[in-house]
2 protein chains.
Amino acid sequence: MLAIRCRLPINSSRIVSAAGVITRKEQKRHASLTMETLNPLVKEVEYAVRGPIVIRAGEIEKKLKGSHNFPFDRVIRANIGDCHASGNQVPITYIRQFVAGCTYPELMKSSNFPSDIKSRVERLLSVCGGKSLGAYTESQGIITIREDIAAYIQQRDGYPSDPNNIYLCNGASDGIKTIIKLLMNNNLEKPSGIMIPVPQYPLYSATLSEYGAYQIEYYLDEGNNWALNIDELERALNQSKDRCVPRGMVIINPGNPTGQVLSRDNIENVIRFAHKHQLFIVADEVYQENVHLPGSKFFSFKKTLMDLGAPYNQMEMASFHSASKGWHGECGSRGGYYELINIDKDVRVQVNKLISACLCSTAWGQAVMAAIINPPKEGEPSYELYKQERSAVVNRLREKAELVGRLFNSVEGVQCNPVMGAMYAFPRIELPKKAIEHAKSKNMAPDAFYCFQLLEKTGICVVPGSGFKQSPGTHHFRTTILPPVDQMKDMVEKFRTFHLSFLREWK
Amino acid sequence: MLAIRCRLPINSSRIVSAAGVITRKEQKRHASLTMETLNPLVKEVEYAVRGPIVIRAGEIEKKLKGSHNFPFDRVIRANIGDCHASGNQVPITYIRQFVAGCTYPELMKSSNFPSDIKSRVERLLSVCGGKSLGAYTESQGIITIREDIAAYIQQRDGYPSDPNNIYLCNGASDGIKTIIKLLMNNNLEKPSGIMIPVPQYPLYSATLSEYGAYQIEYYLDEGNNWALNIDELERALNQSKDRCVPRGMVIINPGNPTGQVLSRDNIENVIRFAHKHQLFIVADEVYQENVHLPGSKFFSFKKTLMDLGAPYNQMEMASFHSASKGWHGECGSRGGYYELINIDKDVRVQVNKLISACLCSTAWGQAVMAAIINPPKEGEPSYELYKQERSAVVNRLREKAELVGRLFNSVEGVQCNPVMGAMYAFPRIELPKKAIEHAKSKNMAPDAFYCFQLLEKTGICVVPGSGFKQSPGTHHFRTTILPPVDQMKDMVEKFRTFHLSFLREWK
């Protein structure tokens with residue numbers, strides 16, 4: 001039997017020394033699962049978007065229902081990109097009619113259902129087992145939907161896309177975890193390393209912690225609209241090499257939490273960098289439909305890689321999309337997909353085997369994704385209403401993206417890059433030295449302390465920059481741009497008052 | 001920095017020696033993900049229910065659409081417990097009306113929707129963000145649904161159930177993987193060990209392979225209706241102790257693939273065994289509503305553990321249920337839940353943190369689970385139709401459970417325990433020595449060879465016993481009892497003819 005030495009990521013050492021030496025006899029009572037015996041990698045996981053500040057917001061909301069002493073009457077939830085929950089966005093009629101029809105086909109007998117919805121429902125159910133969404137789908141997802149997704153990608157990029165390379169999953173998160181899993185190897189001397197942006201979406205750090213991988217952090221260039229700087233990528237990779245075996249690189253474009261849209265030129269240089277270092281590209285492109293700033297344009301990594309020609313057009317990558325984002329915001333459906341590009345065919349067989357153990361992703365989420373990716377066409381009965389609903393949402397998002405950046409920049413000690421895409425602003429805040437020291441004495445990140453104060457005093461719930469990681473010594477928070485325009489304006493005014501009083505208090 | 005020795009499960013050594021010595025320079029072309037660099041644990045995963053034989057069945061189905069030489073015109077898919085896909089079972093009206101209403105609340109304006117459905121839809125949407133299933137739910141699932149599940153469990157067992165201990169998930173598979181993850185510790189000298197039944201549902205072996213855990217296999221007693229034998233449990237555990245740190249024990253009741261329903265007495269003894277060895281109980285009870293044989297009764301592990309009193313009633317366990325099984329069979333929804341019982345409160349915080357990184361399970365799957373767990377009550381407008389549809393399905397399943405056992409036992413060289421519960425028969429087949437030797441020379445499990453021949457010659461698709469593991473030297477296959485009665489009879493007759501000719505051929 002082989003015994004292999006494996007090393008843990010450095011930041012695990014605290015847990016290791018705790019868990020490694022505890023024997024089962026030391027456990028309290030006759031318990032089989034305690035903090036001492038719990039998987040030490042699980043303890044390492046952190047996820048700020050639903051972290052302590054959000055839990056506290058929930059508690060406050062409960063208290064607001066009774067008599068209370070808070071100087072506000074509602075919590076403004078700007079912590080999560082959840083369109084339907086955040087105020088004034090209702091579901092798109094076409095999507096819901098289609099999914100309701102797939103759920104209960106009897107409805108198709110009603111004359112209230114447009115004929116194009118009926119034929120779409122029939123088309124989808126005709127390839128479902130027993131013509132029911134209640135049957136397991138193929139592990140990769142329903143073939144008709146994969147064909148539609150491939151057509152969408154082909155239309156977007158001008159390059160072929162094969163339905164056999166499309167994988168439906170339970171939200172992009174599920175797919176991202178699957179792909180990162182492929183890149184792990186805990187049998188080697190050093191852990192597998194994955195490059196992640198800082199600031200990043202905390203699913204990445206959480207997943208890498210859970211897998212015992214090494215997080216190779218590269219800093220986004222805040223002074224240059226959060227672009228990727230190639231020298232910085234080289235530095236990050238170089239410094240990691242004695243601590244891990246670098247395997248892949250995550251890019252989030254449009255950015256979360258940072259809201260930038262990468263230039264074509266920047267993407268090309270990133271691809272060249274990944275090629276030079278033989279890194280698998282994990283392209284998180286779930287905000288591809290959320291581009292607000294005039295002059296900004298989304299370029300997919302796949303198209304750019306193909307445009308670059310050999311040898312780049314043979315590089316392996318995965319690109320993710322989600323039903324939760326875009327302008328329709330069907331988060332609860334957990335619809336999502338990824339496309340595998342240039343994957344070794346034997347590896348593909350392994351991916352299919354791996355995902356088949358959980359049988360398939362939710363058929364209802366697949367149906368929502370199907371509706372999103374293949375909307376009504378001009379001339380079809382559902383088109384006009386669809387177009388009208390879409391314009392309303394898209395225009396509001398564009399208006400708020402511009403508004404939020406402008407308003408935050410009008411507050412003393414706050415700097416906010418333009419919200420080019422996605423659904424977030426990530427303003428930088430200058431905190432007084434005394435406040436920083438006080439927070440540290442309480443064992444809190446300074447911006448977490450700040451955000452807790454903001455919540456307690458105004459009801460505004462945002463996520464501290466420390467939850468996404470950030471350049472040392474800087475402080476930020478992430479806010480969504482989703483609340484209605486009036487609320488957003490009100491929110492920034494409340495924020496302004498709070499911020500100035502905070503500066504006075506800790507001067 | 002600490003370096004910890006970790007050992008792999010013995011059956012990984014082949015992969016380790018392969019993957020451990022390969023350097024990145026040896027890889028073909030400039031690839032970042034090849035069979036050599038793929039996560040070696042992923043390569044270890046096997047999942048027979050969607051394995052090579054099922055892939056072949058799909059290929060044959062495609063060929064049957066054109067001109068072909070197969071001596072049959074359709075594939076009988078008896079490989080997977082997929083009610084809607086397997087022939088004559090249509091979705092339950094009440095469930096689909098409820099989910100369609102939640103999807104597109106405009107429908108509630110129609111007089112065609114029963115008033116109880118309308119009030120159920122309103123009740124659920126009133127606690128969803130923006131009154132939409134499109135909002136993210138709480139990480140554990142929508143509170144109203146968790147309350148209904150807790151009420152269902154309390155009604156079933158006569159013991160309190162707390163909605164805070166209920167976790168909605170994407171099918172039971174997702175929840176099972178989460179719970180097993182908690183029990184892993186790859187920092188220790190020996191891998192974590194989990195006891196699994198043999199035969200087992202291959203999700204367990206697949207998950208343990210993926211996690212690098214040790215599979216402590218205990219044999220079910222085929223001669224005693226697949227009961228658990230305590231001496232056998234002791235043997236299995238004892239023999240594993242120098243290879244792993246035993247942490248938990250999986251019990252599948254009613255059994256998959258074996259179809260038994262455990263006696264109350266057997267469950268009590270299993271609980272005593274788990275207590276003695278401080279094992280976390282993973283109770284896979286997804287077939288709790290599928291009990292067919294007169295005289296059989298489902299006893300939950302939770303109730304039995306509570307009935308036993310101290311110290312057993314303080315043991316930690318998780319119990320799983322699913323929307324896919326029961327008699328409604330809404331597999332595509334990926335609805336499921338687990339109850340955590342007697343879990344340390346700090347561990348619970350860790351579980352909530354871990355699951356929050358993927359935000360929530362599918363809201364549509366949650367809605368389906370809600371409908372299943374809280375059906376119409378007598379006197380409500382939907383009740384009569386619901387009752388009628390339920391009886392039809394339940395009676396057919398009962399009839400087929402009895403029929404299938406009887407028919408298989410009428411075939412020479414085939415022995416089949418009664419199908420007490422779940423939706424499978426797992427007959428044992430005596431294979432001629434020459435056939436066994438031939439299969440081995442082809443590097444195939446003998447029953448896999450047999451099942452491939454069965455598929456090619458009759459179109460019947462079942463899963464070889466080797467895919468579930470089985471006692472050495474025995475051979476089985478798993479068939480569902482889901483095809484319509486006529487098809488099941490036809491299937492067994494085709495099987496009889498095939499089996500006798502197979503015996504003649506390899507005599």
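Trainee: Which cysteine holds the sulfur closest to that of A:Cys416, and what is the distance between the two sulfurs?

Mentor: This is a predicted model, in which local features need pLDDT of at least 70 and side-chain atom pairs count only at pLDDT 80 or more, while totals for chains, interfaces and linings use all residues. Residues are numbered from 1 along each chain as its sequence is written, chains are lettered from A and ligands numbered from 1 in the order in which they are written, and side-chain values use heavy atoms, without hydrogens or water.

The closest cysteine sulfur to that of A:Cys416 belongs to A:Cys451, and because the distance is 14 Å, the pair is too far apart for a bond. A disulfide is defined here as a pair of cysteine sulfur atoms within 2.5 Å. A search of the whole structure over all chains finds zero disulfides. A:Cys416 counts as buried, with 7% relative accessibility; buried means under 20% relative accessible area, exposed over 50%, and partly exposed in between, with a 1.4 Å probe and protein chains only. B:Cys244 likewise counts as buried, at 1%.

The relation between the chains comes next.

Strands (E, at least two residues) and helices (H or I, at least four) are DSSP runs, numbered from the N terminus. β15(B) pairs in the antiparallel sense over two bridges with strand β11 (residues 424-425) of chain B, where pairing requires at least two DSSP bridges. The partner of B:Ala425 in β15(B) is B:Thr479. Strand β14 (residues 463-464) of chain B also pairs with β15(B) in the antiparallel sense over two bridges, and B:Val463 stands opposite B:Arg478.

In chain A, A:Asn256 lies in the loop between β6 (245-252) and α10 (264-276) and is buried at 4% relative accessibility. The side chain of A:Asn256 makes a polar contact with that of A:Arg478 at 2.8 Å and with that of A:Tyr287 at 3.5 Å. A polar contact is a pair of N or O atoms within 3.5 Å; within protein, one must be able to donate a hydrogen and the other to accept it, and residues adjacent in sequence count only if both atoms are side-chain atoms.
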